[in-house]
Amino acid sequence: MIYLDHNATTPLDARVLDAMLPYFRDRFGNAASRQHAVGRRAAEAVESARQQLADLLQADPRELTFTSGATEANNLAIKGFAAYHAAAVGATGRHIITSSIEHPSVLAACERLAEEGWELTTIDPTPQGLITPEALAAAIRPDTVLVSIMLANHETGCLNDIAALAKLCKDRDIRFHTDATQAVGKISVHVDTLDVEMLSLSAHKFYGPQGVGALYTRRKRPRVRLQPLFEGGGHERGLRSGTLNLPGIVGLGEAARVAAKLMPNESPRLAQLRDRLENQLLKALPHAQPNGHLERRLPHTTNLSVGYVDAERLIAAMPELAVSSASACTTAAMQQSRVLKRMNVSEARARASLRFGLGRGNTSDEIDAAIAIVIEAVRNYNPSETTCESRL
(Lines give C-alpha, C1' and ligand atoms only; values in the text may rest on other atoms or scores of the structure.)
Protein backbone atom coordinates (compact mmCIF):
# COMPACT_ATOMS: atom_id res chain seq x y z
CA MET A 1 0.00 0.00 0.00
CA ILE A 2 1.29 3.43 -1.01
CA TYR A 3 -0.11 5.82 1.58
CA LEU A 4 -0.96 9.26 0.18
CA ASP A 5 -3.65 10.35 2.65
CA HIS A 6 -1.56 12.23 5.20
CA ASN A 7 -4.20 14.99 5.45
CA ALA A 8 -6.50 12.47 7.10
CA THR A 9 -3.89 11.15 9.52
CA THR A 10 -0.18 10.42 9.66
CA PRO A 11 1.62 7.31 10.89
CA LEU A 12 3.18 7.52 14.32
CA ASP A 13 6.84 8.49 14.05
CA ALA A 14 9.13 5.86 15.59
CA ARG A 15 10.77 8.52 17.77
CA VAL A 16 7.38 9.54 19.08
CA LEU A 17 6.48 5.95 19.92
CA ASP A 18 9.77 5.47 21.76
CA ALA A 19 9.09 8.60 23.83
CA MET A 20 5.56 7.45 24.68
CA LEU A 21 6.16 3.82 25.61
CA PRO A 22 7.50 4.32 29.18
CA TYR A 23 4.42 6.36 30.12
CA PHE A 24 2.01 3.51 29.44
CA ARG A 25 3.40 1.43 32.32
CA ASP A 26 6.69 2.32 34.02
CA ARG A 27 5.99 6.07 34.31
CA PHE A 28 2.23 5.82 34.67
CA GLY A 29 1.64 8.62 37.21
CA ASN A 30 -1.27 11.05 37.34
CA ALA A 31 0.09 14.53 36.61
CA ALA A 32 -2.35 16.01 39.14
CA SER A 33 -0.97 13.88 41.99
CA ARG A 34 1.97 16.10 42.89
CA GLN A 35 2.18 15.01 46.53
CA HIS A 36 4.49 12.13 45.58
CA ALA A 37 7.36 11.48 43.20
CA VAL A 38 5.38 9.36 40.75
CA GLY A 39 2.87 12.15 40.19
CA ARG A 40 5.50 14.85 40.09
CA ARG A 41 7.43 12.93 37.44
CA ALA A 42 4.26 12.74 35.35
CA ALA A 43 3.67 16.47 35.80
CA GLU A 44 7.23 17.19 34.72
CA ALA A 45 6.70 15.13 31.55
CA VAL A 46 3.55 17.13 30.76
CA GLU A 47 5.33 20.43 31.21
CA SER A 48 8.27 19.25 29.11
CA ALA A 49 5.85 18.38 26.30
CA ARG A 50 4.13 21.74 26.71
CA GLN A 51 7.49 23.46 26.26
CA GLN A 52 8.29 21.39 23.17
CA LEU A 53 5.00 22.43 21.57
CA ALA A 54 5.53 26.04 22.65
CA ASP A 55 8.93 26.00 20.97
CA LEU A 56 7.34 24.83 17.70
CA LEU A 57 4.70 27.59 17.84
CA GLN A 58 6.96 30.25 19.38
CA ALA A 59 4.42 30.61 22.18
CA ASP A 60 4.47 30.91 25.95
CA PRO A 61 3.89 27.37 27.30
CA ARG A 62 1.33 28.81 29.73
CA GLU A 63 -0.78 29.69 26.67
CA LEU A 64 -1.26 26.04 25.69
CA THR A 65 -4.12 23.83 26.87
CA PHE A 66 -4.03 20.11 26.06
CA THR A 67 -7.22 18.64 24.60
CA SER A 68 -8.40 15.39 23.01
CA GLY A 69 -7.74 16.84 19.56
CA ALA A 70 -8.52 19.75 17.27
CA THR A 71 -12.27 19.17 17.36
CA GLU A 72 -12.33 19.79 21.10
CA ALA A 73 -9.88 22.68 20.75
CA ASN A 74 -12.08 24.33 18.12
CA ASN A 75 -15.17 23.93 20.29
CA LEU A 76 -13.36 25.27 23.35
CA ALA A 77 -12.14 28.31 21.44
CA ILE A 78 -15.47 29.20 19.84
CA LYS A 79 -18.00 28.15 22.46
CA GLY A 80 -15.70 28.98 25.35
CA PHE A 81 -15.11 32.50 24.11
CA ALA A 82 -18.80 33.04 23.35
CA ALA A 83 -19.87 31.86 26.81
CA TYR A 84 -17.33 34.03 28.62
CA HIS A 85 -18.16 37.05 26.48
CA ALA A 86 -21.89 36.66 27.01
CA ALA A 87 -21.41 36.53 30.76
CA ALA A 88 -18.94 39.41 30.99
CA VAL A 89 -20.19 42.59 32.63
CA GLY A 90 -20.70 45.31 30.06
CA ALA A 91 -19.88 43.07 27.08
CA THR A 92 -21.70 43.93 23.87
CA GLY A 93 -21.97 42.34 20.46
CA ARG A 94 -23.12 38.83 19.52
CA HIS A 95 -21.93 38.55 15.91
CA ILE A 96 -19.43 35.92 14.77
CA ILE A 97 -17.85 35.25 11.37
CA THR A 98 -16.47 32.07 9.86
CA SER A 99 -16.01 30.65 6.36
CA SER A 100 -18.08 28.10 4.49
CA ILE A 101 -15.06 25.82 3.95
CA GLU A 102 -14.07 25.30 7.58
CA HIS A 103 -13.72 21.90 9.19
CA PRO A 104 -17.11 20.60 10.40
CA SER A 105 -16.09 21.08 14.04
CA VAL A 106 -15.78 24.84 13.47
CA LEU A 107 -18.94 25.13 11.38
CA ALA A 108 -20.99 23.04 13.79
CA ALA A 109 -19.79 25.05 16.79
CA CYS A 110 -20.69 28.33 15.08
CA GLU A 111 -24.05 26.98 13.96
CA ARG A 112 -24.84 25.87 17.50
CA LEU A 113 -24.17 29.40 18.71
CA ALA A 114 -26.51 30.70 16.00
CA GLU A 115 -29.21 28.41 17.35
CA GLU A 116 -28.63 29.96 20.77
CA GLY A 117 -29.19 33.50 19.54
CA TRP A 118 -25.82 34.57 18.17
CA GLU A 119 -25.70 36.09 14.71
CA LEU A 120 -23.52 34.24 12.22
CA THR A 121 -22.02 35.35 8.91
CA THR A 122 -20.37 32.73 6.70
CA ILE A 123 -17.90 33.87 4.03
CA ASP A 124 -17.41 31.98 0.77
CA PRO A 125 -13.94 31.49 -0.70
CA THR A 126 -12.65 32.66 -4.05
CA PRO A 127 -12.66 30.08 -6.88
CA GLN A 128 -9.03 29.44 -5.87
CA GLY A 129 -10.17 28.41 -2.39
CA LEU A 130 -8.98 31.43 -0.39
CA ILE A 131 -10.70 33.71 2.11
CA THR A 132 -9.62 37.23 1.24
CA PRO A 133 -9.16 40.22 3.55
CA GLU A 134 -11.66 42.10 1.35
CA ALA A 135 -14.33 39.47 1.96
CA LEU A 136 -13.71 39.53 5.70
CA ALA A 137 -13.72 43.33 5.84
CA ALA A 138 -17.08 43.37 4.08
CA ALA A 139 -18.52 40.91 6.61
CA ILE A 140 -17.33 42.70 9.76
CA ARG A 141 -19.99 44.67 11.63
CA PRO A 142 -19.87 46.98 14.65
CA ASP A 143 -21.15 44.09 16.80
CA THR A 144 -18.64 41.47 15.54
CA VAL A 145 -16.71 39.95 18.44
CA LEU A 146 -15.19 36.73 17.06
CA VAL A 147 -13.80 35.49 13.71
CA SER A 148 -12.68 31.93 13.01
CA ILE A 149 -10.87 31.24 9.72
CA MET A 150 -8.67 28.20 9.06
CA LEU A 151 -5.01 28.49 8.17
CA ALA A 152 -4.89 25.55 5.72
CA ASN A 153 -7.84 23.83 4.10
CA HIS A 154 -8.17 20.11 4.69
CA GLU A 155 -9.27 19.27 1.13
CA THR A 156 -7.28 21.62 -1.10
CA GLY A 157 -4.34 22.55 1.13
CA CYS A 158 -4.94 26.23 0.32
CA LEU A 159 -3.28 28.64 2.77
CA ASN A 160 -5.13 31.76 3.87
CA ASP A 161 -3.26 34.95 4.68
CA ILE A 162 -4.03 34.66 8.38
CA ALA A 163 -1.75 37.54 9.38
CA ALA A 164 -3.70 39.93 7.15
CA LEU A 165 -7.07 38.60 8.31
CA ALA A 166 -6.04 38.77 11.96
CA LYS A 167 -4.80 42.36 11.58
CA LEU A 168 -8.21 43.43 10.29
CA CYS A 169 -9.72 42.01 13.45
CA LYS A 170 -7.09 43.34 15.83
CA ASP A 171 -7.54 46.86 14.49
CA ARG A 172 -11.22 46.55 15.41
CA ASP A 173 -10.72 44.79 18.78
CA ILE A 174 -12.21 41.54 17.44
CA ARG A 175 -10.87 38.22 18.67
CA PHE A 176 -9.44 35.91 15.98
CA HIS A 177 -9.23 32.10 16.06
CA THR A 178 -7.60 29.91 13.44
CA ASP A 179 -7.86 26.16 13.00
CA ALA A 180 -4.25 25.38 12.09
CA THR A 181 -4.64 21.60 12.28
CA GLN A 182 -3.49 20.87 8.73
CA ALA A 183 -0.56 23.29 8.88
CA VAL A 184 1.21 22.76 12.21
CA GLY A 185 4.24 20.54 11.74
CA LYS A 186 4.05 20.89 7.95
CA ILE A 187 4.99 24.57 7.59
CA SER A 188 6.27 27.23 9.97
CA VAL A 189 3.40 28.31 12.24
CA HIS A 190 4.35 31.00 14.78
CA VAL A 191 1.56 32.57 16.79
CA ASP A 192 3.14 36.02 16.99
CA THR A 193 3.80 36.12 13.24
CA LEU A 194 0.19 35.20 12.58
CA ASP A 195 -0.90 37.53 15.42
CA VAL A 196 -3.87 35.36 16.35
CA GLU A 197 -5.54 35.15 19.75
CA MET A 198 -6.44 31.44 19.51
CA LEU A 199 -5.09 28.51 17.48
CA SER A 200 -6.10 24.83 17.36
CA LEU A 201 -4.04 21.77 16.43
CA SER A 202 -3.99 17.99 16.59
CA ALA A 203 -1.00 15.67 17.07
CA HIS A 204 -2.02 13.00 14.59
CA LYS A 205 -1.66 15.40 11.67
CA PHE A 206 2.12 15.64 12.21
CA TYR A 207 3.15 12.09 13.14
CA GLY A 208 1.95 12.18 16.73
CA PRO A 209 -0.69 9.99 18.40
CA GLN A 210 -4.39 10.18 17.70
CA GLY A 211 -6.65 11.53 20.43
CA VAL A 212 -4.56 14.45 21.67
CA GLY A 213 -4.32 18.08 20.59
CA ALA A 214 -4.01 21.57 21.99
CA LEU A 215 -5.47 25.05 22.00
CA TYR A 216 -3.28 28.15 22.08
CA THR A 217 -4.92 31.07 23.91
CA ARG A 218 -3.12 34.43 24.09
CA ARG A 219 -2.35 35.62 27.63
CA LYS A 220 -1.68 39.29 26.96
CA ARG A 221 -2.11 42.09 24.44
CA PRO A 222 -4.95 41.10 24.56
CA ARG A 223 -5.62 38.41 27.13
CA VAL A 224 -8.31 36.00 25.93
CA ARG A 225 -10.59 34.45 28.49
CA LEU A 226 -12.68 31.34 27.91
CA GLN A 227 -15.35 29.48 29.81
CA PRO A 228 -14.62 25.72 30.01
CA LEU A 229 -16.87 23.35 28.10
CA PHE A 230 -17.35 21.09 31.10
CA GLU A 231 -16.77 21.09 34.84
CA GLY A 232 -14.43 18.94 36.90
CA GLY A 233 -11.24 19.09 38.89
CA GLY A 234 -9.87 22.24 37.30
CA HIS A 235 -7.04 20.68 35.30
CA GLU A 236 -5.19 22.74 32.69
CA ARG A 237 -5.66 25.97 34.64
CA GLY A 238 -9.38 25.37 34.83
CA LEU A 239 -9.92 25.27 31.06
CA ARG A 240 -10.01 21.52 30.50
CA SER A 241 -10.84 19.30 33.46
CA GLY A 242 -10.04 15.60 33.40
CA THR A 243 -7.03 13.37 34.02
CA LEU A 244 -4.41 14.23 31.43
CA ASN A 245 -3.59 11.76 28.66
CA LEU A 246 0.03 11.40 29.76
CA PRO A 247 1.37 9.14 26.96
CA GLY A 248 -0.50 11.15 24.35
CA ILE A 249 0.78 14.48 25.61
CA VAL A 250 4.36 13.17 25.72
CA GLY A 251 3.85 11.99 22.14
CA LEU A 252 2.51 15.37 21.07
CA GLY A 253 5.54 17.08 22.55
CA GLU A 254 7.99 14.74 20.86
CA ALA A 255 6.13 15.08 17.54
CA ALA A 256 6.52 18.84 17.85
CA ARG A 257 10.23 18.51 18.55
CA VAL A 258 10.80 16.20 15.58
CA ALA A 259 8.72 18.41 13.28
CA ALA A 260 10.74 21.50 14.19
CA LYS A 261 13.93 19.64 13.37
CA LEU A 262 12.79 18.10 10.06
CA MET A 263 10.56 20.78 8.50
CA PRO A 264 13.29 22.92 6.88
CA ASN A 265 14.32 20.02 4.65
CA GLU A 266 11.18 17.91 4.59
CA SER A 267 8.75 20.56 3.35
CA PRO A 268 10.75 21.39 0.19
CA ARG A 269 11.25 17.66 -0.50
CA LEU A 270 7.53 17.00 -0.30
CA ALA A 271 6.75 20.01 -2.48
CA GLN A 272 9.03 18.60 -5.19
CA LEU A 273 7.37 15.19 -5.01
CA ARG A 274 3.91 16.81 -4.97
CA ASP A 275 4.73 18.85 -8.08
CA ARG A 276 6.10 15.75 -9.80
CA LEU A 277 2.90 13.82 -9.08
CA GLU A 278 0.68 16.70 -10.11
CA ASN A 279 2.52 17.61 -13.31
CA GLN A 280 2.74 14.03 -14.55
CA LEU A 281 -0.96 13.40 -13.98
CA LEU A 282 -1.97 16.67 -15.64
CA LYS A 283 0.27 15.83 -18.58
CA ALA A 284 -0.98 12.26 -19.02
CA LEU A 285 -4.69 12.82 -18.36
CA PRO A 286 -6.17 15.33 -20.84
CA HIS A 287 -9.24 16.08 -18.73
CA ALA A 288 -7.43 16.47 -15.40
CA GLN A 289 -7.59 19.82 -13.60
CA PRO A 290 -6.18 21.08 -10.28
CA ASN A 291 -8.51 22.49 -7.64
CA GLY A 292 -7.36 25.41 -5.51
CA HIS A 293 -4.59 27.96 -5.55
CA LEU A 294 -1.36 26.56 -6.98
CA GLU A 295 0.99 28.80 -4.98
CA ARG A 296 -0.66 29.48 -1.63
CA ARG A 297 -0.95 25.88 -0.43
CA LEU A 298 0.63 23.26 1.76
CA PRO A 299 3.78 21.71 0.29
CA HIS A 300 2.48 18.15 0.50
CA THR A 301 -1.08 18.52 -0.82
CA THR A 302 -2.74 18.54 -4.21
CA ASN A 303 -6.41 18.19 -5.13
CA LEU A 304 -7.05 17.05 -8.70
CA SER A 305 -10.17 16.34 -10.71
CA VAL A 306 -8.81 13.54 -12.85
CA GLY A 307 -11.38 13.42 -15.64
CA TYR A 308 -14.63 11.74 -16.59
CA VAL A 309 -14.74 9.45 -13.59
CA ASP A 310 -16.49 8.69 -10.33
CA ALA A 311 -13.73 9.20 -7.77
CA GLU A 312 -15.14 6.68 -5.30
CA ARG A 313 -15.23 4.01 -7.98
CA LEU A 314 -11.76 4.96 -9.14
CA ILE A 315 -10.38 4.64 -5.61
CA ALA A 316 -11.93 1.19 -5.32
CA ALA A 317 -10.07 0.20 -8.50
CA MET A 318 -6.73 1.21 -6.92
CA PRO A 319 -6.48 -0.99 -3.80
CA GLU A 320 -2.72 -0.56 -3.66
CA LEU A 321 -3.05 3.22 -3.31
CA ALA A 322 -4.44 5.08 -0.26
CA VAL A 323 -5.91 8.39 -1.40
CA SER A 324 -9.17 10.10 -0.58
CA SER A 325 -12.03 11.68 -2.45
CA ALA A 326 -13.55 15.02 -1.61
CA SER A 327 -16.91 13.38 -2.25
CA ALA A 328 -18.85 10.76 -0.33
CA CYS A 329 -20.82 7.99 -1.97
CA THR A 330 -24.15 7.31 -0.30
CA THR A 331 -26.72 4.70 -1.25
CA ALA A 332 -28.62 7.28 -3.27
CA ALA A 333 -26.01 9.37 -5.06
CA MET A 334 -22.57 10.91 -4.91
CA GLN A 335 -22.58 13.98 -2.70
CA GLN A 336 -20.47 16.88 -3.92
CA SER A 337 -17.67 18.17 -1.69
CA ARG A 338 -18.90 21.18 0.28
CA VAL A 339 -15.48 22.81 -0.03
CA LEU A 340 -15.31 22.44 -3.81
CA LYS A 341 -18.93 23.47 -4.18
CA ARG A 342 -18.24 26.72 -2.32
CA MET A 343 -15.31 27.28 -4.68
CA ASN A 344 -17.78 27.04 -7.59
CA VAL A 345 -16.19 23.84 -8.87
CA SER A 346 -18.70 22.03 -11.08
CA GLU A 347 -20.45 18.97 -9.72
CA ALA A 348 -18.78 16.79 -12.35
CA ARG A 349 -15.30 18.02 -11.43
CA ALA A 350 -16.02 17.64 -7.73
CA ARG A 351 -17.17 14.07 -8.21
CA ALA A 352 -13.94 13.28 -10.03
CA SER A 353 -11.66 14.88 -7.42
CA LEU A 354 -8.85 13.09 -5.61
CA ARG A 355 -6.89 14.52 -2.70
CA PHE A 356 -3.26 13.46 -2.47
CA GLY A 357 -1.49 14.11 0.83
CA LEU A 358 2.19 13.17 0.78
CA GLY A 359 4.25 12.43 3.86
CA ARG A 360 7.63 11.67 5.39
CA GLY A 361 7.68 8.05 4.38
CA ASN A 362 6.94 8.63 0.69
CA THR A 363 9.82 8.15 -1.76
CA SER A 364 10.27 9.21 -5.36
CA ASP A 365 9.82 5.59 -6.42
CA GLU A 366 6.48 5.47 -4.63
CA ILE A 367 5.34 8.65 -6.31
CA ASP A 368 6.27 7.27 -9.73
CA ALA A 369 4.37 4.09 -8.92
CA ALA A 370 1.34 6.10 -7.76
CA ILE A 371 1.37 8.12 -10.98
CA ALA A 372 1.31 4.92 -13.04
CA ILE A 373 -1.49 3.43 -10.92
CA VAL A 374 -3.74 6.49 -11.29
CA ILE A 375 -3.12 6.83 -15.02
CA GLU A 376 -3.93 3.18 -15.63
CA ALA A 377 -7.05 3.31 -13.46
CA VAL A 378 -8.39 6.40 -15.23
CA ARG A 379 -7.69 4.97 -18.69
CA ASN A 380 -9.35 1.67 -17.79
CA TYR A 381 -12.27 3.31 -16.02
CA ASN A 382 -15.67 1.88 -16.95
CA PRO A 383 -18.55 4.21 -16.02
CA SER A 384 -21.11 1.42 -16.26
CA GLU A 385 -19.53 -0.37 -13.29
CA THR A 386 -20.01 2.43 -10.80
CA THR A 387 -22.78 2.28 -8.20
CA CYS A 388 -23.08 6.07 -8.01
CA GLU A 389 -24.29 8.31 -10.78
CA SER A 390 -21.26 9.72 -12.60
CA ARG A 391 -21.72 11.90 -15.61
CA LEU A 392 -20.69 15.30 -16.92
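Why is strand β8 (residues 213-217) largely enclosed by the rest of the structure? I found that five of the five residues of β8 are buried, so the strand is largely enclosed; here buried means under 20% relative accessible area, exposed over 50%, and partly exposed in between, with a 1.4 Å probe and protein chains only. I took strands (E, at least two residues) and helices (H or I, at least four residues) as DSSP runs numbered from the N terminus.

Before going on I noted the conditions: this is a predicted model, in which local features need pLDDT of at least 70 and side-chain atom pairs count only at pLDDT 80 or more, while totals for chains, interfaces and linings use all residues. Residues are numbered from 1 along each chain as its sequence is written, and side-chain values use heavy atoms, with hydrogens and water left out.

I then looked at the faces of β8. In a regular strand the side chains alternate between the two faces of the sheet. G213, L215 and T217 point one way, A214 and Y216 point the other way, and all of them are buried.

Next I looked up the neighbours of β8, counting two strands as paired if DSSP finds at least two bridges between them. Strand β2 (residues 64-67) pairs with β8 in the antiparallel sense over four bridges, and T67 has G213 as its bridge partner. Strand β7 (residues 198-202) is also antiparallel to β8, over five bridges, with M198 standing opposite T217.

I turned to salt bridges, each defined as a side-chain nitrogen of Lys or Arg within 4 Å of a carboxyl oxygen of Asp or Glu. By this rule I have 24 salt bridges.

One of them joins R360 and D13, at 2.9 Å from N to O. R360 lies in the loop between β15 (353-357) and α12 (364-379) and D13 in the loop between β1 (2-3) and α1 (14-20), so this pair ties together parts that are 347 residues apart in sequence. R360 is buried at 18% relative accessibility, and D13 is buried at 9%.

I also checked E47 and R50, whose closest N and O atoms are 3.0 Å apart. The two are three residues apart in helix α2 (residues 37-57), which separates them by about one helical turn. E47 is partly exposed at 34%, whereas R50 is buried at 2%.

Last, I recorded that K170, D192, D195 and R218 are linked in a network of salt bridges.
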